[in-house]
Amino acid sequence: MSTPHVLASNGALSIRSPLKPTVNGQRTFDRLHLIDDKKRFTPNLSDQISAWGLRNAGFDYNLVAVFGSQSTGKSTLLNQLFGTNFDVMDNSKRQQTTKGIWMCRDRDKNILVMDVEGTDGRERGEDKDFERKSALFSLASSEVLIINLWDHQVGLHQGANIGLLKTVFEVNLALFGHKSQENANPRTLLLFVIRDHIGTTPFANLQEMLTADMQHIWDTLSKPAELKDRKLKDYFDLSFTALPHKFFAAKEFESDVRVLRSCFTDKSRNDFVFKPAYHKRIPADGIAFYMKDIWEQVQRNKDLDLPMQQELLAHSRCDEISAGALAEFNDQAKPEKCQIMAGKVISGFGVMMRAWRSQALSRYDREAERYHQEIYKRKRADLVERLDSTLSLPFFRQIQNIHNDVLVSFKAEIDMGLNIAGYNFADFNGPCENAVARFIDEAREAVITEGDPTWQWADELQLLKKDIQAVIDQLCEDRRKVIIGVGILTAVSVGAVMASAATGS
């Protein structure tokens, strides 16, 4: 019996889809044909991420893929390790079972598992295009790439996929672009799983042979001048494990697979495989967009610059999240905005708008803060600007409506006072002060962001004071005319009496 050795060189929710039984009676999630054998990327990944209960997981998930020759038991290994339900080979036929790339979720952990079509299959013959593209896609997407191979394949150029690994390594330099700064390179763990290990060749020797092969591949790569000093360990960690024969040592195989599974699920283990350095830092709700873009780039045979792809994803997702937050805000504010534009003062306008604005920003932050920080912050500032622009017109109309409402109330109060006998014009001071105080209180309540000059109402207050003074001036003028009119009438009446008296005499 061989014991798994996983020794990295660095020491190193939503609605769930219906669970259904696997062949061995375990419960598992639905699988998804991510990329079919015609090289078409599924449009259903985003919905499936939600169905798997991972849409709101943020960075709390991991992604592993398996890579290796056809008919080496890759799907069987994944089903045993992760409780997935990938199709497995019929031993009596030994023909291709995995076509394209399939994805499934681990039975109880936030682990996404990709089952990649085997290499060197007779079904594709000399067409090596798909296996190269799928290997490149897997490397760009996964934190851990399991390389599954038979014990007797170690040391063989084709059996150990040495040629294909050389291509993958070579393109990896283009994958991450030439912009990577020192100590900031994205990393991937290559986990070699040596199958049917019977101990004829000691495990340590197999590990040494594979390490030497990987180093030889890297040393003989054609590297750009600016990357000629980069080492294999700058981009990859290598880990190794061996498993006994699945049929001839079934109990030992199952026992060792359980130990190996703990390396993927138990964070307390020193050989826990999902190190933070391997995570591609794509939030779970952005996986579908990211993978689709990566596959399209691979399909067009373009050099991939993953940092740039991550920035493009951040642009796209942050714009989408921002638009959703703004639309929700507009729907909430629409009834009040209509009333304000019709001239009505909305009680508690500021409280409502501040709350809805805060909700929109909180929604954006919750969904977008996991993306590229510079882009997230820039798009957030854009959202703030758009929210404030949307609020600007109703705010100023609210201030104007307050102005008009205060003025109408002031006029009514003065008119009522004038109808009271003995009303003193000096009593205008009280209503004036009350009107100004009411305007200030209601205007302050309507302010969206305290201290922001965008929400100033001082000019409207000055206009109100002028209008109040104009009302007072008009009332005084009207009063003066009344007094003059009374005086004239009185003089006429006295004159008539005097004339009558004189005539009577």
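**Terms and their grounds**

Analyst: Ile282 is buried, its relative accessible area being 3%. The model under discussion is a predicted one.

User: Why is Ile282 called buried?

Analyst: The criterion for a buried residue is a relative accessible area under 20%. Ile282 has 3% and therefore counts as buried. The residue belongs to the loop between α6 and α7.

User: What does Ile282 touch, leaving out residues up to four places away in sequence?

Analyst: Ile282 touches Gly58, Phe59, Tyr61, Ile287, Tyr290, Gln310 and Leu313. With Tyr61, the separation in sequence is 221 residues, while the C-alpha atoms are 9.8 Å apart.

User: Which loop holds Lys39, and what is its phi?

Analyst: Lys39 is placed in the loop between β3 (32-35) and α1 (45-51). Its phi is near 70°, again positive in a residue other than glycine. Most residues other than glycine have a negative phi. A positive phi is also found at Gly83, which follows α2, with a value near 70°.

User: What makes Leu260 a buried residue?

Analyst: Leu260 has 0% relative accessibility; the limit is 20%, so Leu260 is buried. This residue is part of helix α6 (residues 250-265). Its C-alpha is 8.2 Å from that of Thr241, a residue 19 places apart from it along the chain.

User: How do you know that helix α2 is largely enclosed?

Analyst: Helix α2 spans residues 74-82, and eight of its nine residues are buried, so the rest of the structure largely encloses it. The buried residues are Lys74, Ser75, Thr76, Leu77, Leu78, Asn79, Leu81 and Phe82. Their cover includes β4, β6, β7 (144-150), β8 (188-195) and α6.

User: Why is strand β6 described as largely enclosed?

Analyst: Six of the six residues of β6 (residues 111-116) are buried, so this strand is largely enclosed by the rest of the structure. Ile111, Val113 and Asp115 are buried on one side, and Leu112, Met114 and Val116 are buried on the other.

User: What makes β4 and β5 pairing partners of β6?

Analyst: Pairing requires at least two bridges between two strands. Leu112 of β6 is the bridge partner of Leu63 and stands opposite Arg105. Between β5 and β6, which form a hairpin, there are five residues.

User: How do you know that the buried residues of α5 line one face of the helix?

Analyst: The buried residues of α5 are Phe203, Leu206, Leu210, Met214, Ile217 and Trp218. Viewed down the helix axis, they fall within an arc of 110°, so they line one face. The face turned away from the buried side carries the exposed residues Ala204, Glu208, His216 and Asp219. An α-helix has 3.6 residues a turn, so residues three or four places apart point the same way.

User: What span does α5 reach, and what is expected?

Analyst: Helix α5 (residues 203-219) has 17 residues and reaches 24 Å from its first C-alpha to its last, close to the expected 24 Å. For α7 (residues 287-299), with 13 residues, the span is 18 Å, close to the 18 Å expected.

User: Which residues have the most contacts inside the largest nonpolar core?

Analyst: They are Leu34, Leu45, Phe137, Ile146, Phe264 and Met291, in a core of 131 residues. Helix α10 (residues 373-418) supplies the largest share of this core, 13 residues. Beyond its neighbours within four places in sequence, Leu34 has contacts that include Leu45, Phe137 and Met291. Met291 is among the buried residues of α7.

Conventions:
Residues numbered from 1 in each chain as written. Predicted model: local features only at pLDDT ≥ 70, side-chain atom pairs only at ≥ 80, totals over all residues. Heavy atoms only, no water. Helix = DSSP H or I, 4+ residues; strand = E, 2+ residues; numbered from the N terminus. Expected span 1.5 Å × (residues − 1). Buried < 20%, exposed > 50% of the residue type's maximum accessible area, 1.4 Å probe, protein only. Arc of directions from axis to C-beta. Core = buried A, V, L, I, M, F, W, Y, C linked by side-chain atoms within 4.5 Å. Contact = heavy atoms within 4.5 Å.
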